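Hello,

Here is the structure you asked about. My notes follow below it.

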Amino acid sequence: MVSSIALPRIMRIGGGAAGELGGVLAGLGLSRPLLVTDAFLVRTGAADRLLANLRDAGLEGEVFSETVPDPTTDSLIGGLEAVAAHRADCLVGFGGGSPMDTAKALGLLSAQGGEMRDYKAPRNNSGPALPVIAIPTTAGSGSEATQFTVITDSATDEKMLCTGLAFLPVATIVDYELTVSMPSRLTADTGVDALTHAVEAYVSRKANAFSDGLALTAIRTIGRNIRRAYADGADLDAREAMMFAATQAGIAFSNSSVALVHGMSRPIGAHFHVAHGLSNAMLFPAVTAFSVHAAAGRYADCARAFGAAGQGDPDSLAADKLVEALAVLCKDLDVPTPQSYGIDQEKWDEVTPLMAQQALASGSPGNNPIVPTASQIEDLYAQIYS
(Lines give C-alpha, C1' and ligand atoms only; values in the text may rest on other atoms or scores of the structure.)
Protein backbone atom coordinates (compact mmCIF):
# COMPACT_ATOMS: atom_id res chain seq x y z
CA MET A 1 0.00 0.00 0.00
CA VAL A 2 1.29 3.46 -0.89
CA SER A 3 0.82 6.11 1.79
CA SER A 4 0.71 9.81 1.00
CA ILE A 5 2.88 11.65 3.53
CA ALA A 6 3.00 15.43 3.97
CA LEU A 7 5.23 17.40 6.33
CA PRO A 8 6.14 21.06 6.82
CA ARG A 9 9.02 22.01 4.52
CA ILE A 10 11.08 23.41 7.40
CA MET A 11 11.07 22.33 11.07
CA ARG A 12 13.20 23.97 13.75
CA ILE A 13 12.94 22.07 17.05
CA GLY A 14 14.54 22.77 20.41
CA GLY A 15 14.87 25.23 23.26
CA GLY A 16 15.31 28.76 21.93
CA ALA A 17 14.16 27.85 18.42
CA ALA A 18 11.64 30.72 18.40
CA GLY A 19 14.60 33.08 18.07
CA GLU A 20 15.17 31.74 14.55
CA LEU A 21 11.83 32.94 13.17
CA GLY A 22 13.28 35.92 11.27
CA GLY A 23 15.92 33.77 9.62
CA VAL A 24 13.36 31.14 8.61
CA LEU A 25 11.12 33.73 6.97
CA ALA A 26 14.01 35.46 5.22
CA GLY A 27 15.20 32.11 3.91
CA LEU A 28 11.75 31.52 2.43
CA GLY A 29 11.85 34.88 0.66
CA LEU A 30 9.03 36.32 2.79
CA SER A 31 9.07 39.89 4.05
CA ARG A 32 5.64 41.02 5.35
CA PRO A 33 4.48 38.56 8.04
CA LEU A 34 1.27 39.02 10.01
CA LEU A 35 1.66 37.55 13.49
CA VAL A 36 -1.65 35.84 14.35
CA THR A 37 -1.88 35.42 18.11
CA ASP A 38 -4.05 36.16 21.13
CA ALA A 39 -4.34 38.95 23.68
CA PHE A 40 -2.64 36.89 26.40
CA LEU A 41 0.60 36.52 24.43
CA VAL A 42 0.54 40.24 23.70
CA ARG A 43 0.14 41.03 27.43
CA THR A 44 3.03 38.76 28.41
CA GLY A 45 5.35 40.41 25.90
CA ALA A 46 5.88 37.19 23.95
CA ALA A 47 4.38 38.67 20.78
CA ASP A 48 6.62 41.76 21.04
CA ARG A 49 9.69 39.55 21.35
CA LEU A 50 8.80 37.82 18.11
CA LEU A 51 8.17 41.16 16.41
CA ALA A 52 11.59 42.36 17.53
CA ASN A 53 13.10 39.21 16.04
CA LEU A 54 11.36 39.97 12.74
CA ARG A 55 12.59 43.57 12.74
CA ASP A 56 16.14 42.42 13.46
CA ALA A 57 15.90 40.26 10.33
CA GLY A 58 14.79 43.26 8.26
CA LEU A 59 11.17 42.13 7.96
CA GLU A 60 8.03 44.26 8.27
CA GLY A 61 5.83 42.50 10.81
CA GLU A 62 2.41 43.38 12.18
CA VAL A 63 0.18 41.76 14.81
CA PHE A 64 -3.40 40.50 14.75
CA SER A 65 -4.22 39.50 18.34
CA GLU A 66 -8.00 39.11 18.22
CA THR A 67 -8.07 35.32 17.89
CA VAL A 68 -10.51 33.51 20.18
CA PRO A 69 -10.54 30.05 21.74
CA ASP A 70 -12.18 27.61 19.33
CA PRO A 71 -12.14 30.12 16.45
CA THR A 72 -15.38 30.99 14.72
CA THR A 73 -16.22 32.26 11.27
CA ASP A 74 -17.09 35.63 12.83
CA SER A 75 -13.66 35.81 14.46
CA LEU A 76 -12.00 35.49 11.05
CA ILE A 77 -13.51 38.74 9.74
CA GLY A 78 -11.09 41.03 11.56
CA GLY A 79 -8.19 38.78 10.64
CA LEU A 80 -8.97 38.99 6.95
CA GLU A 81 -9.09 42.78 7.24
CA ALA A 82 -5.70 42.74 8.98
CA VAL A 83 -4.17 40.56 6.26
CA ALA A 84 -5.36 42.97 3.59
CA ALA A 85 -4.36 46.12 5.51
CA HIS A 86 -0.81 44.84 6.09
CA ARG A 87 -0.51 43.38 2.58
CA ALA A 88 0.82 40.30 4.31
CA ASP A 89 2.72 37.74 2.27
CA CYS A 90 2.64 35.14 5.06
CA LEU A 91 1.05 34.38 8.43
CA VAL A 92 2.78 33.37 11.66
CA GLY A 93 0.39 31.35 13.84
CA PHE A 94 1.70 31.91 17.37
CA GLY A 95 -0.06 30.32 20.34
CA GLY A 96 -2.12 27.24 21.04
CA GLY A 97 -4.25 25.42 18.51
CA SER A 98 -6.69 28.31 18.13
CA PRO A 99 -4.23 30.94 16.81
CA MET A 100 -2.59 28.35 14.57
CA ASP A 101 -5.95 27.18 13.21
CA THR A 102 -6.97 30.81 12.71
CA ALA A 103 -3.80 31.51 10.74
CA LYS A 104 -4.44 28.49 8.52
CA ALA A 105 -8.01 29.59 7.80
CA LEU A 106 -6.91 33.16 7.05
CA GLY A 107 -4.23 31.87 4.71
CA LEU A 108 -6.72 29.96 2.61
CA LEU A 109 -9.52 32.56 2.62
CA SER A 110 -7.10 35.37 1.74
CA ALA A 111 -6.03 33.47 -1.36
CA GLN A 112 -9.27 31.82 -2.43
CA GLY A 113 -12.11 33.87 -0.95
CA GLY A 114 -15.54 32.48 -0.15
CA GLU A 115 -16.85 31.29 3.20
CA MET A 116 -15.19 28.80 5.52
CA ARG A 117 -18.13 26.42 5.23
CA ASP A 118 -17.26 26.07 1.54
CA TYR A 119 -14.07 24.26 2.57
CA LYS A 120 -15.28 21.86 5.28
CA ALA A 121 -14.91 18.08 5.11
CA PRO A 122 -15.35 15.98 3.07
CA ARG A 123 -13.84 18.55 0.68
CA ASN A 124 -10.07 18.18 0.31
CA ASN A 125 -8.40 21.57 -0.05
CA SER A 126 -5.19 21.67 -2.05
CA GLY A 127 -5.52 25.05 -3.72
CA PRO A 128 -3.48 28.24 -3.08
CA ALA A 129 -3.04 29.78 0.37
CA LEU A 130 -0.72 32.30 1.97
CA PRO A 131 2.16 30.41 3.60
CA VAL A 132 1.78 29.75 7.31
CA ILE A 133 4.62 29.46 9.80
CA ALA A 134 3.40 27.81 13.01
CA ILE A 135 4.87 28.33 16.49
CA PRO A 136 3.01 26.44 19.23
CA THR A 137 3.01 27.63 22.83
CA THR A 138 1.13 24.59 24.18
CA ALA A 139 2.03 20.92 23.98
CA GLY A 140 -1.13 19.41 22.60
CA SER A 141 -2.91 20.36 19.40
CA GLY A 142 -0.15 19.36 16.98
CA SER A 143 -1.62 21.92 14.59
CA GLU A 144 1.89 23.11 13.80
CA ALA A 145 2.41 19.98 11.70
CA THR A 146 -1.05 19.07 10.38
CA GLN A 147 -3.05 19.58 7.24
CA PHE A 148 -6.21 20.38 9.22
CA THR A 149 -7.95 23.35 10.74
CA VAL A 150 -11.13 23.47 12.83
CA ILE A 151 -13.43 26.50 12.66
CA THR A 152 -16.89 26.86 14.21
CA ASP A 153 -19.65 28.17 11.96
CA SER A 154 -21.06 31.14 13.87
CA ALA A 155 -24.47 30.71 12.24
CA THR A 156 -24.98 27.04 13.14
CA ASP A 157 -22.54 26.23 15.99
CA GLU A 158 -21.09 23.47 13.82
CA LYS A 159 -17.41 22.89 14.53
CA MET A 160 -16.15 22.34 10.98
CA LEU A 161 -13.18 20.11 10.21
CA CYS A 162 -11.37 21.44 7.14
CA THR A 163 -8.66 19.33 5.56
CA GLY A 164 -6.03 19.37 2.85
CA LEU A 165 -2.53 20.48 1.96
CA ALA A 166 -3.69 24.10 1.74
CA PHE A 167 -3.67 24.08 5.57
CA LEU A 168 -0.23 22.51 6.07
CA PRO A 169 2.27 25.02 7.51
CA VAL A 170 5.26 25.64 5.27
CA ALA A 171 7.46 25.93 8.38
CA THR A 172 7.19 24.95 12.03
CA ILE A 173 9.17 26.19 15.00
CA VAL A 174 8.82 23.99 18.10
CA ASP A 175 10.34 25.60 21.20
CA TYR A 176 9.43 23.87 24.47
CA GLU A 177 10.58 26.91 26.48
CA LEU A 178 7.36 28.63 25.36
CA THR A 179 5.29 26.08 27.36
CA VAL A 180 6.93 26.52 30.77
CA SER A 181 4.34 29.06 31.96
CA MET A 182 1.35 26.85 31.09
CA PRO A 183 -0.91 26.29 34.15
CA SER A 184 -1.61 22.75 35.32
CA ARG A 185 -5.15 22.60 33.88
CA LEU A 186 -3.93 23.57 30.41
CA THR A 187 -0.99 21.18 30.75
CA ALA A 188 -3.39 18.33 31.48
CA ASP A 189 -5.89 19.18 28.75
CA THR A 190 -3.32 19.65 26.02
CA GLY A 191 -1.39 16.58 27.12
CA VAL A 192 -4.46 14.36 26.88
CA ASP A 193 -5.21 15.95 23.52
CA ALA A 194 -1.78 14.85 22.27
CA LEU A 195 -2.27 11.36 23.70
CA THR A 196 -5.64 11.11 21.96
CA HIS A 197 -4.04 12.14 18.66
CA ALA A 198 -1.39 9.45 19.01
CA VAL A 199 -3.74 6.62 20.00
CA GLU A 200 -6.34 7.47 17.37
CA ALA A 201 -3.67 7.77 14.68
CA TYR A 202 -2.46 4.27 15.58
CA VAL A 203 -5.87 2.55 15.72
CA SER A 204 -7.33 4.46 12.77
CA ARG A 205 -8.43 2.60 9.66
CA LYS A 206 -6.02 4.92 7.78
CA ALA A 207 -2.98 4.07 9.90
CA ASN A 208 0.27 3.35 8.05
CA ALA A 209 3.83 2.37 8.85
CA PHE A 210 5.04 5.99 8.84
CA SER A 211 2.40 7.26 11.25
CA ASP A 212 2.60 4.13 13.43
CA GLY A 213 6.18 4.74 14.54
CA LEU A 214 5.55 8.37 15.45
CA ALA A 215 2.31 7.51 17.26
CA LEU A 216 3.87 4.82 19.44
CA THR A 217 6.85 7.02 20.27
CA ALA A 218 4.51 9.83 21.30
CA ILE A 219 2.39 7.48 23.43
CA ARG A 220 5.49 6.18 25.19
CA THR A 221 6.81 9.68 25.85
CA ILE A 222 3.49 11.01 27.11
CA GLY A 223 3.04 8.01 29.40
CA ARG A 224 6.36 8.79 31.08
CA ASN A 225 5.97 12.56 31.32
CA ILE A 226 2.40 13.84 31.45
CA ARG A 227 1.96 13.46 35.20
CA ARG A 228 5.38 15.03 35.79
CA ALA A 229 4.55 18.09 33.69
CA TYR A 230 1.15 18.39 35.38
CA ALA A 231 2.62 18.17 38.88
CA ASP A 232 5.56 20.50 38.26
CA GLY A 233 5.42 22.97 35.41
CA ALA A 234 9.08 23.85 35.99
CA ASP A 235 10.20 20.30 35.16
CA LEU A 236 12.00 21.26 31.95
CA ASP A 237 12.78 17.69 30.91
CA ALA A 238 9.10 16.78 31.12
CA ARG A 239 8.09 19.98 29.30
CA GLU A 240 10.53 19.27 26.49
CA ALA A 241 9.39 15.66 26.19
CA MET A 242 5.70 16.61 26.08
CA MET A 243 6.33 19.30 23.45
CA PHE A 244 8.14 16.90 21.15
CA ALA A 245 5.53 14.20 21.70
CA ALA A 246 2.72 16.62 20.80
CA THR A 247 4.42 17.44 17.50
CA GLN A 248 5.09 13.77 16.76
CA ALA A 249 1.45 12.95 17.49
CA GLY A 250 0.38 15.82 15.23
CA ILE A 251 2.49 14.48 12.36
CA ALA A 252 1.09 11.00 13.00
CA PHE A 253 -2.58 11.92 12.83
CA SER A 254 -2.04 14.39 9.98
CA ASN A 255 -0.75 11.48 7.92
CA SER A 256 -3.26 8.97 9.27
CA SER A 257 -6.38 10.42 10.87
CA VAL A 258 -8.22 10.88 14.11
CA ALA A 259 -11.34 8.89 14.87
CA LEU A 260 -14.40 8.75 17.11
CA VAL A 261 -13.08 10.69 20.12
CA HIS A 262 -12.40 13.72 17.96
CA GLY A 263 -15.61 13.35 16.00
CA MET A 264 -17.60 13.49 19.25
CA SER A 265 -15.38 16.09 20.91
CA ARG A 266 -15.84 18.88 18.37
CA PRO A 267 -19.62 19.26 18.91
CA ILE A 268 -19.11 19.42 22.69
CA GLY A 269 -16.70 22.29 22.18
CA ALA A 270 -19.04 24.07 19.78
CA HIS A 271 -22.22 23.82 21.85
CA PHE A 272 -20.81 24.09 25.38
CA HIS A 273 -17.52 25.97 24.87
CA VAL A 274 -15.44 23.24 26.47
CA ALA A 275 -11.74 23.38 25.59
CA HIS A 276 -10.90 20.84 22.91
CA GLY A 277 -8.38 18.87 24.93
CA LEU A 278 -10.73 18.72 27.90
CA SER A 279 -13.66 17.47 25.83
CA ASN A 280 -11.35 14.78 24.40
CA ALA A 281 -10.43 13.76 27.94
CA MET A 282 -14.10 13.54 28.95
CA LEU A 283 -14.68 11.08 26.10
CA PHE A 284 -11.41 9.17 25.87
CA PRO A 285 -11.95 6.26 28.34
CA ALA A 286 -15.56 5.55 27.32
CA VAL A 287 -14.92 5.74 23.57
CA THR A 288 -11.85 3.52 23.93
CA ALA A 289 -13.91 0.97 25.88
CA PHE A 290 -16.49 1.03 23.07
CA SER A 291 -13.86 0.52 20.36
CA VAL A 292 -11.17 -1.61 21.96
CA HIS A 293 -12.24 -5.14 21.05
CA ALA A 294 -12.52 -4.31 17.35
CA ALA A 295 -8.76 -3.72 17.21
CA ALA A 296 -7.40 -5.43 20.33
CA GLY A 297 -3.91 -5.87 18.89
CA ARG A 298 -3.56 -2.19 18.00
CA TYR A 299 -4.88 -0.99 21.36
CA ALA A 300 -2.61 -3.54 23.09
CA ASP A 301 0.40 -1.95 21.36
CA CYS A 302 -0.75 1.41 22.69
CA ALA A 303 -1.12 -0.02 26.20
CA ARG A 304 2.40 -1.43 26.17
CA ALA A 305 3.84 1.83 24.85
CA PHE A 306 1.97 3.83 27.50
CA GLY A 307 3.25 1.55 30.24
CA ALA A 308 -0.14 0.14 31.12
CA ALA A 309 0.60 -3.46 30.05
CA GLY A 310 3.57 -5.77 29.84
CA GLN A 311 5.02 -7.47 26.78
CA GLY A 312 3.76 -10.81 28.05
CA ASP A 313 0.14 -9.73 28.43
CA PRO A 314 -2.25 -11.20 25.83
CA ASP A 315 -3.62 -8.57 23.47
CA SER A 316 -7.15 -8.67 24.88
CA LEU A 317 -5.89 -8.18 28.44
CA ALA A 318 -3.45 -5.45 27.42
CA ALA A 319 -6.20 -3.62 25.53
CA ASP A 320 -8.47 -3.72 28.58
CA LYS A 321 -5.60 -2.40 30.69
CA LEU A 322 -5.37 0.62 28.40
CA VAL A 323 -9.01 1.47 29.10
CA GLU A 324 -8.34 1.22 32.84
CA ALA A 325 -5.16 3.31 32.54
CA LEU A 326 -6.97 6.09 30.68
CA ALA A 327 -9.64 6.24 33.37
CA VAL A 328 -6.96 6.46 36.09
CA LEU A 329 -5.07 9.11 34.13
CA CYS A 330 -8.17 11.28 33.79
CA LYS A 331 -8.82 10.89 37.54
CA ASP A 332 -5.22 11.84 38.34
CA LEU A 333 -5.50 14.91 36.10
CA ASP A 334 -8.82 15.97 37.68
CA VAL A 335 -10.77 15.70 34.41
CA PRO A 336 -14.40 16.67 35.11
CA THR A 337 -17.49 15.06 33.67
CA PRO A 338 -19.81 17.30 31.64
CA GLN A 339 -22.09 17.34 34.70
CA SER A 340 -19.39 18.38 37.17
CA TYR A 341 -18.11 20.91 34.62
CA GLY A 342 -21.50 22.63 34.97
CA ILE A 343 -23.28 21.63 31.77
CA ASP A 344 -27.04 21.47 32.25
CA GLN A 345 -28.39 17.96 31.66
CA GLU A 346 -31.56 19.14 29.95
CA LYS A 347 -29.54 21.14 27.43
CA TRP A 348 -27.08 18.23 27.01
CA ASP A 349 -29.90 15.80 26.29
CA GLU A 350 -31.59 18.28 23.95
CA VAL A 351 -28.59 18.71 21.67
CA THR A 352 -27.30 15.13 21.86
CA PRO A 353 -29.02 14.01 18.61
CA LEU A 354 -27.61 17.06 16.79
CA MET A 355 -24.13 16.46 18.23
CA ALA A 356 -24.28 12.85 17.05
CA GLN A 357 -25.17 13.95 13.52
CA GLN A 358 -22.43 16.59 13.52
CA ALA A 359 -19.90 14.02 14.75
CA LEU A 360 -20.77 11.66 11.91
CA ALA A 361 -20.75 14.46 9.34
CA SER A 362 -17.15 15.33 10.22
CA GLY A 363 -16.00 11.98 8.82
CA SER A 364 -13.74 11.16 11.78
CA PRO A 365 -15.96 8.37 13.22
CA GLY A 366 -15.60 6.58 9.89
CA ASN A 367 -11.93 6.00 10.71
CA ASN A 368 -12.72 4.30 14.03
CA PRO A 369 -12.12 0.55 14.49
CA ILE A 370 -15.89 0.29 15.04
CA VAL A 371 -17.82 2.72 12.85
CA PRO A 372 -20.68 3.78 15.13
CA THR A 373 -24.29 4.54 14.34
CA ALA A 374 -25.86 7.81 15.41
CA SER A 375 -27.71 5.91 18.13
CA GLN A 376 -24.46 4.47 19.52
CA ILE A 377 -22.91 7.94 19.59
CA GLU A 378 -25.93 9.26 21.47
CA ASP A 379 -25.53 6.42 23.99
CA LEU A 380 -21.86 7.34 24.50
CA TYR A 381 -22.80 11.00 25.10
CA ALA A 382 -25.32 9.85 27.70
CA GLN A 383 -22.76 7.56 29.32
CA ILE A 384 -20.10 10.22 29.86
CA TYR A 385 -22.43 12.95 31.14
CA SER A 386 -22.21 12.02 34.81
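**What I found**

Leu7 counts as partly exposed, because its relative accessibility is 38%. On this scale, buried means under 20% relative accessible area, exposed means over 50%, and partly exposed is in between (1.4 Å probe, protein chains only). Leu7 sits in the segment before β1 (10-13). Helices (H or I, at least four residues) and strands (E, at least two) are DSSP runs, numbered from the N terminus. Leu7 touches Leu168, Phe210, Ile251 and Asn255, leaving out residues up to four places away in sequence. A contact here means heavy atoms within 4.5 Å. Phe148 is 141 residues from Leu7 in sequence, and the two are 12 Å apart in space, C-alpha to C-alpha.

Two notes on the source. This is a predicted model, where local features need pLDDT of at least 70 and side-chain atom pairs count only at pLDDT 80 or more, while totals for chains, interfaces and linings use all residues. Residues are numbered from 1 along each chain as its sequence is written, and side-chain values use heavy atoms, with hydrogens and water left out.

**The whole protein**

The secondary structure comes to 15 helices and 8 strands. The radius of gyration is 20 Å, close to the 21 Å that the globule rule gives for 386 residues, so the protein is as compact as a globular protein of that length. That radius is taken over C-alpha atoms, and the rule is 2.2 Å times the number of residues to the power 0.38. The C-alpha atoms fill a box of roughly 60 × 45 × 45 Å along the principal axes.

Of the 386 residues, 59% count as buried. Take the contacts with a separation of 6 or more: residues 24 or more positions apart account for 77% of them. The accessible surface is about 14,500 Å², and 51% of it belongs to carbon and sulfur atoms. Accessible areas come from the Shrake-Rupley method with a 1.4 Å probe; for residues, only the protein chains shown count as cover.

On charge, the protein has 26 positive and 41 negative side chains. The centres of the two sets lie 5 Å apart. Lys and Arg count as positive, Asp and Glu as negative; His and the chain ends are not counted. Each charge is placed at NZ of Lys, CZ of Arg, CG of Asp or CD of Glu.

**The core**

Which residues touch the most other members of the largest nonpolar core? They are Leu195, Ile219, Met264, Trp348 and Tyr381, out of 79 residues. A nonpolar core is a set of buried Ala, Val, Leu, Ile, Met, Phe, Trp, Tyr and Cys residues joined through side-chain atoms within 4.5 Å. Beyond four places in sequence, Ile219 touches Leu195, Ala198, Val199, Cys302, Ala305 and Phe306.

Tyr381 also turns up beside Pro267. Pro267 lies in helix α9 (residues 260-272). Pro267 is buried, at 3% relative accessible area. With neighbours within four places set aside, Pro267 is in contact with Met355, Gln358, Ala359 and Tyr381. Lys159 is 108 residues away along the chain, yet its C-alpha is 6.1 Å from that of Pro267.

**Other buried positions**

- Leu106 is in helix α5 (residues 97-112). Leu106 counts as buried, because its relative accessibility is 0%. Its contacts beyond four places in sequence are Val36, Leu76, Gly79, Leu80 and Leu91. Val36 is 70 residues away in sequence and 9.4 Å away in space, C-alpha to C-alpha.
- Asn53 is in helix α3 (residues 46-56). Asn53 counts as buried at 17% relative accessibility.
- Val258 is in the loop between α8 (236-254) and α9. Val258 is buried, at 7% relative accessible area. Its partners, not counting residues up to four places away, are His197, Glu200, Phe253, Arg266, Ser364 and Asn367.

**Backbone points to check by eye**

- A cis peptide bond joins Ala121 and Pro122, with omega about 15°. Pro122 is in the loop between α5 and β5 (132-136).
- Asp70 is not a glycine, but has a positive phi of about 50°. Asp70 is in the loop between β3 (62-64) and α4 (75-86).
- Asp157 is not a glycine either, and has a positive phi of about 65°. Asp157 is in the loop between β6 (148-153) and β7 (158-163). Asp157 is partly exposed, at 33% relative accessible area.

Best wishes
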